[in-house]
Amino acid sequence: MTERSPARHLMPQAVFVVTGAAGEVRAGMTACWVVRVSHRPPLYAVAIHHGSQTRDVVAQGNCFCIHILRADQVDLARRFGAVSGRDTDKFAGLAWRSGAGGAPILQDALAFLDCQVASVSEVGDHSLFIGRLVDEGVLHESSALIFRPSDFADIGQSGEED
Ligand SMILES: Cc1cc2nc3c(=O)[nH]c(=O)nc-3n(C[C@H](O)[C@H](O)[C@H](O)COP(=O)(O)O)c2cc1C
C-alpha cells in the first residue's frame, strides 16, 4: 500500500493575501483559511495564527482586505507567506492604496474584498476574524490562483507544519 497524504491535505483550496493596517503600520500574509460565511450581511472569515504580525495589526486596526490573486502570482503568495513582516518589508516595490478602513489594497491583485472587523474569537492557535464587506473590486482580468502544495513545499503554511 502506498503512503498517502492525510485527508486534510487533499481539501481543494484557493490562496489569498490578507492585509491590514493600524495607524502607520501595514501588514499582510498569505492565507488559505478564508471563506464567506454569510450572504446578508456579507461576512468573510479569516483564520490567522497567533504568532503572525498580521494578526496583531488586524486586531488593532479593525479592518482587513482579502486579495484574490491572479493565476500567475504564486511569487506574490510566496513573498507574503514565507517570512514575517516583522523581518522584512513585504510591500516594497508594490503598488497599493488604502481601503476604507486603512488596509492596503494591492493594485496588482486580481480582485479585493475590503472588510471591517465585526467579531474576533480565539480558536485553538488561531484568531478567527469575521469581517463585514465594505468595498470590493475587480482590478484585472485573469483566472484566480489555486493552492497547489508543491508551490509552497519549501516554506510550509500556517506558521508550522501540520
Ligand atoms: C500557502 C500558504 C497558506 C497559508 N495560510 C495561512 C492561513 O490561512 N492562516 C495563517 O494564519 N497563516 C497562513 N499561512 C502562513 C502565513 O502566511 C505566514 O506565517 C506569514 O509569514 C505570516 O506573516 P506576518 O507575520 O507578516 O503576518 C500560509 C502560508 C502559505 C505559504
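Strands here are DSSP runs of E with at least two residues, helices are runs of H or I with at least four, and both get their numbers from the N terminus. The model is predicted, so to speak for the whole set: local features need pLDDT of at least 70, side-chain atom pairs count only at pLDDT 80 or more, and totals for chains, interfaces and linings use all residues. Residues are numbered from 1 along each chain as its sequence is written.

**View 1. What sits around the ligand.** Strand 2 gives the most to the shell, with four residues. Strand 2 (25-31), strand 4 (43-49) and helix 1 (53-61) each supply at least two. Of the 24 residues around the ligand (C-beta, placed from the backbone, within 6 Å), those that come nearest are Trp 33, Thr 54, Gly 81, Ser 84 and Gly 85. The shell splits into 12 nonpolar, 12 polar and no charged residues, with Gly counted as polar and Asp, Glu, Lys and Arg as charged.

View 2. Seven strands line up in the order 2-1-5-8-9-4-3, with antiparallel pairing (a pair needs at least two DSSP bridges). Strand 2 and strand 3 (34-38) are the edges, each pairing on one side only. From one strand to the next, the twist averages 35 degrees.

**View 3. Helices over strands.** Helix 1 lies across several strands, including strand 1 (16-22), and runs at about 50 degrees to strand 1. Helix 2 (residues 74-82) lies across strand 1 and strand 2, at about 115 degrees to strand 2. Contacts mean C-beta atoms, placed from the backbone, within 7 Å; angles run from 0 to 180 degrees between N-to-C directions of lines fitted to C-alpha atoms.

How values were computed. Two residues are in contact if their C-beta atoms, placed from the backbone, lie within 7 Å.
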